[in-house]
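This note sets out points for a colleague who is about to inspect the coordinates. Please read the points alongside the structure shown below.

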Amino acid sequence: MAKIIFYLPAALSIISYSENIKNIEIRKLGIIILLLNSVCLTVFLIYLFFGDIILAFSFGDDYSISHSYLIINSLCYLFLSNIVLINYVLVSQNIKIQIFFISIIFFSSYLWCYYYINDILTILKILLITNIAALIIVTFQFYKFYNVSKYS
């Protein structure tokens, strides 16, 4: 269920990777990012307030106790959808250095979780921190590119 937050705005990410993105102005790109976050945040808030009811209705009362897992996992996918969208924009502009750093961060966190962590909630928290770090990297590259290109 948490992947819904990732898959709903996937069409926006595909559109953003088209040839048109190379010439898009920052204001229109901001509207795309705002639309993506509006969809993701709406679903996240529904999960936050009604997630236990949705889980109980969909899978039975036994699964409603996994509401906290759904919230953290949904938040991970919210950040991941932003990472994917901004990465598509940067790759369409031939900026690929952030992919190297993000790959190292994700690979390290997955190895850390695989070898040292046995609790699913702790793994989700580590992935959340990893997604936040990756989002900071791509956002930094995004603003760096658009500030440099604005003055060029």
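1. Trp112 and Tyr116 both belong to helix H5, where four residues, about one turn of the helix, separate them. An α-helix has 3.6 residues a turn, so residues three or four places apart point the same way. With a relative accessibility of 45%, Trp112 is classed as partly exposed. Tyr116, at 57% relative accessibility, counts as exposed. It should be kept in mind here and below that the model is predicted.

2. Aromatic pairs. Phe142 and Tyr143 make an edge-to-face aromatic pair, with 5.5 Å from centre to centre and 75 degrees between the planes. The angle exceeds the cut-off, since planes over 60 degrees apart count as edge-to-face. How do the two partners stand in terms of accessibility? Phe142 is buried, with a relative accessible area of 4%, whereas Tyr143 counts as partly exposed at 48% relative accessibility. The count of aromatic pairs comes to six. Trp112 and Tyr116 form one that is tilted, at 4.6 Å centre to centre and with 45 degrees between the planes.

3. Overall architecture. The secondary structure of the chain consists of six helices and zero strands. Along the sequence the pattern reads α-α-α-α-α-α. The chain has 152 residues, of which 39% count as buried. Among contacts between residues at least 6 apart in sequence, 78% join residues that are at least 24 apart.

4. Helix H4 on its own. H4 is mostly covered, as 19 of its 26 residues are buried. Asn94, which follows H4, has a positive phi, near 65 degrees.

5. Packing of H3 on H4. Helix H3 (residues 26-59) and H4 pack with their axes 9 Å apart and at an angle of about 170 degrees. H3 is therefore roughly antiparallel to H4, because angles over 145 degrees fall in that class. By class, the residues of this contact comprise 17 nonpolar, six polar and one charged.

6. Packing of H4 on H5. How do the axes of helix H4 (residues 67-92) and helix H5 (residues 97-116) cross? The crossing is at roughly 150 degrees, and the axes come within 11 Å. H4 and H5 are therefore roughly antiparallel to each other. The contact of H4 with H5 has seven nonpolar, two polar and no charged residues. On the H4 side, the residues are Leu80, Ile83, Asn87, Leu90 and Val91. The H5 side contributes Gln98, Ile99, Ile102 and Phe106.

7. Ile117 sits in the loop between H5 and helix H6 (120-151). Is Ile117 buried or exposed? At 16% relative accessibility, Ile117 counts as buried, because the buried class covers residues under 20% relative accessible area. Setting aside residues up to four places away in sequence, Ile117 touches Trp112, Thr122, Ile123 and Ile126.

8. Phe145 in H6. Phe145 is found in helix H6 and counts as partly exposed, at 22% relative accessibility. Which residues does Phe145 touch, not counting those up to four places away in sequence? They are Leu90, Gln93 and Ile95. Phe145 and Ile95 are 50 residues apart along the chain, and their C-alpha atoms are separated by 8.5 Å. Leu90 is also among the H4 residues that meet H5.

9. Ile136 in H6. Ile136 too is found in helix H6. At 56% relative accessibility, Ile136 counts as exposed, the class being set at over 50%. The C-alpha atoms of Ile136 and Ile83 are separated by 8.9 Å, although the two residues are 53 residues apart along the chain. Ile83 is one of the H4 residues in the contact with H5.

Key
Residues numbered from 1 in each chain as written. Predicted model: local features only at pLDDT ≥ 70, side-chain atom pairs only at ≥ 80, totals over all residues. Heavy atoms only, no water. Axes fitted to C-alpha atoms, helices over the stretch in contact; angles between N-to-C directions. Helix = DSSP H or I, 4+ residues; strand = E, 2+ residues; numbered from the N terminus. Parallel < 35°, antiparallel > 145°, perpendicular 65-115°, else oblique. Contact = heavy atoms within 4.5 Å. Nonpolar A, V, L, I, M, F, W, Y, C, P; charged D, E, K, R; others polar. Buried < 20%, exposed > 50% of the residue type's maximum accessible area, 1.4 Å probe, protein only. Phe/Tyr/Trp six-rings, centres within 6.5 Å; stacked < 30°, edge-to-face > 60°.
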